[in-house]
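Keep the structure open as you read.

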Amino acid sequence: MVKTVRFHELGGPDVLRLEDVEVGEPGPGEVLIRVDAIGLNRAEVLFRGGHYIEPVKEFPARLGTEAAGVVEAVGADVAGLEAGQPVSVVPAFSMNDYGVYAERAIVPAAAVLHRPDGVGAVEGAAVWMPYVTAYGALVEVGGMRAGDTVVLTAASSSVGLAAIQVANRVGAVPIATTRTRVKAERLRKAGAAEVIVTGEEDVVARVLDLTAGRGAEFVFDAIAGPGVVDLAKVVAPGGTLFEYGALSGEVTPYPGFALGMPALNMRTYTVHETTTDPERLRRAAAFVSSGLRSGAFEPVVDRVFGLDEIVAAHRYLEAGDQVGKIVVTVNH
């Protein structure tokens with residue numbers, strides 16, 4: 001029996017329960033890991049509350065797709081992984097099937113990456129989802145190159161911060177946006193070339209000014225909703241507006257017609273596009289590992305909670321005041 005976080009109904013953080021659950025043995029294509037740290041993701045808030053892109057299929061339900069730990073056992077047909085190896089788990093499965101909010105968890109072997117030397121459990125739980133999300137959209141799909149400009153909304157999130165570093169790594173120019181001036185200096189220190197405070201400045205005018213009227217080759221947006229109309233105005237001809245989140249919770253229009261049908265590419269993106277494609281994941285892992293080794297990438301951890309503080313951790317996640325990743329550690 002292992003301590004496992006489950007919920008028996010949809011709702012706020014208080015529905016989360018730490019319960020003793022039988023973990024079982026890994027089946028074909030699966031791995032049992034001892035979980036040492038868990039990376040929290042806003043998708044888990046949405047899933048818990050019944051607002052995620054897929055509904056909860058049955059209760060009690062589990063949570064979590066990002067973790068770092070050590071392999072304890074492997075199932076049949078698993079190659080390249082063995083007991084004792086330090087690893088990380090990336091989001092490559094449905095939370096209806098697996099969940100890593102636990103002392104030990106069974107996960108698909110395809111979702112497990114070797115943890116590079118020198119990357120501890122907390123960093124190993126914080127690094128992969130943000131960097132693979134940013135790399136997968138901007139580099140793998142978008143083809144971001146040196147000299148391109150990318151506008152990043154919700155830039156103080158773990159993905160936003162990773163996108164700043166990914167852009168800098170390839171020689172692109174990251175322009176960060178944030179609601180208030182409170183986080184502006186943190187974003188500059190994180191590597192943003194420019195920071196636009198949306199509560200005080202005109203985003204369209206600033207981006208066009210910063211790009212000499214050209215606009216940005218990419219906008220990487222976590223908010224969606226009515227604001228996409230203004231964001232579309234700053235996309236350079238032939239550029240791409242990526243929607244990878246929907247923090248606004250509002251209906252998202254397609255702005256192309258309202259703006260006179262410019263040469264606008266607008267698409268949704270989730271990290272699963274990368275993590276469920278073995279070749280894309282291999283390239284992403286190589287890119288991120290290289291950045292970690294060189295020091296170009298440094299995961300930003302805002303705060304660490306214990307597994308028995310999971311309710312407080314979710315409250316903190318929902319408040320939205322963090323800069324970087326929230327991580328939960330597991331004591332054994």
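Within the largest nonpolar core, which has 89 residues, Ile38, Leu40, Met144 and Phe220 touch the most other members. Such a core is a set of buried Ala, Val, Leu, Ile, Met, Phe, Trp, Tyr and Cys residues joined through side-chain atoms within 4.5 Å; buried means under 20% relative accessible area, exposed over 50% and partly exposed in between, with a 1.4 Å probe and protein chains only. Helix α2 (residues 121-141) supplies the largest share of this core, ten residues. Helices (H or I, at least four residues) and strands (E, at least two) are DSSP runs, numbered from the N terminus.

Leaving aside residues up to four places away in sequence, Met144 touches Leu138, Val139, Val150, Val166, Ala167, Val170, Ala172 and Phe218, where contact means heavy atoms within 4.5 Å. Another core, of 15 residues, lies apart from the largest one, and its members include Val204, Ala216, Ala232 and Leu241.

A word on how to read all this: the model is predicted, so local features need pLDDT of at least 70 and side-chain atom pairs count only at pLDDT 80 or more, while totals for chains, interfaces and linings use all residues. Residues are numbered from 1 along each chain as its sequence is written, and side-chain values use heavy atoms, with hydrogens and water left out.

Now step back to the whole chain. The protein chain holds nine helices and 16 strands. Its radius of gyration, taken over C-alpha atoms, is 20 Å, close to the 20 Å that the globule rule gives for 332 residues, so the chain is as compact as a globular protein of that length; the rule is 2.2 Å times the number of residues to the power 0.38. The C-alpha trace spans about 60 × 40 × 35 Å along its principal axes. Of the 332 residues, 55% are buried. Among contacts between residues at least 6 apart in sequence, 68% join residues at least 24 apart.

Finally, look towards the end of the chain. Asn331 sits in the segment after β16 (325-329). With a relative accessible area of 69%, Asn331 is exposed. Asn331 and Ile33 are 298 residues apart along the chain, and 14 Å separates their C-alpha atoms.
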